[in-house]
Amino acid sequence: MGRSFTAAKAAAVGFMLAVAIPALADVGTVKRVVGTASVSRDKVLIPAQPGTRLEAGDVLVTGKDGRIAVTFVDDSRFSVGPNSRVAVSKFEFDSTTHKGSFVTHVERGTLAIVSGQIAHENPKGMTVQTPTSILGVRGTRFVVTVK
């Protein structure tokens, strides 16, 4: 009887961890969507809509009439313009110390950014990559366009 009880407890703990881990992966939330827009996650397109949770590794994709507004857990804000493809390549954030690392890759299109706590805590903590350059975020607001 002792072994079966232990196995049942282990199974319950495993289930709770499996359910809890995805919640820890959320790095931001879609706040507004206009036109054609989606989130590409593990090669699957998810229609973007307000409330869609984002994870590190997600790619924001907009059509010719699309726009997506996102707020991240460090209070960074993105506005993705039409015909864009923007990857949230890396996002790590400690809400207690406000330290972290945020790497974004703009493959094409336009991205307007208002930096949050990661960049305010560490000016080298946030970077934006394009096919031809890497930008270190030193200010609080800027726009990147890749054609």
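View 1. E107 is partly exposed, with a relative accessible area of 33%; partly exposed denotes the range between buried (under 20% relative accessible area) and exposed (over 50%), computed with a 1.4 Å probe on protein chains only. R85, at 24% relative accessibility, is likewise counted as partly exposed. The two residues form a salt bridge whose closest N and O atoms are 2.9 Å apart; the term requires a side-chain nitrogen of Lys or Arg within 4 Å of a carboxyl oxygen of Asp or Glu. R85 belongs to strand β8 (residues 85-93) and E107 to strand β9, so the pair ties together parts that are 22 residues apart in sequence. Strands (E, at least two residues) are DSSP runs, numbered from the N terminus.

The model is predicted: local features need pLDDT of at least 70 and side-chain atom pairs count only at pLDDT 80 or more, whereas totals for chains, interfaces and linings use all residues. Residues are numbered from 1 along each chain as its sequence is written, and side-chain values use heavy atoms, with hydrogens and water left out.

**View 2. The salt bridges around R41 and D58.** The side chains of R41 and D58 meet in a salt bridge at 2.7 Å, N to O. R41 lies in strand β2 and D58 in the loop between β4 and β5, so the pair ties together parts that are 17 residues apart in sequence. D58 counts as buried, at 2% relative accessibility. R41, E55 and D58 are linked in a network of salt bridges.

**View 3. The surroundings of T62.** T62 lies in strand β5 (residues 59-62) and is buried, with a relative accessible area of 4%. Its side chain reaches the backbone oxygen of G81 at 2.6 Å, and a polar atom of the T62 side chain lies 2.9 Å from the backbone nitrogen of S84. Among the residues that T62 touches, not counting those up to four places away in sequence, are T36, R67, I68 and P82; contact means heavy atoms within 4.5 Å.

**View 4. The largest nonpolar core.** This core has 25 residues, and those with the most contacts inside it are L54, L60, I68, V70, F72, F78 and F102. Its largest share, four residues, comes from strand β9 (residues 100-114). A nonpolar core is a set of buried Ala, Val, Leu, Ile, Met, Phe, Trp, Tyr and Cys residues joined through side-chain atoms within 4.5 Å. F72 touches V27, G28, L54, F78, V88, F91 and F102, not counting residues up to four places away in sequence.

Note on methods
Polar contact = N/O pair within 3.5 Å; in protein donor to acceptor, adjacent residues only side chain to side chain.
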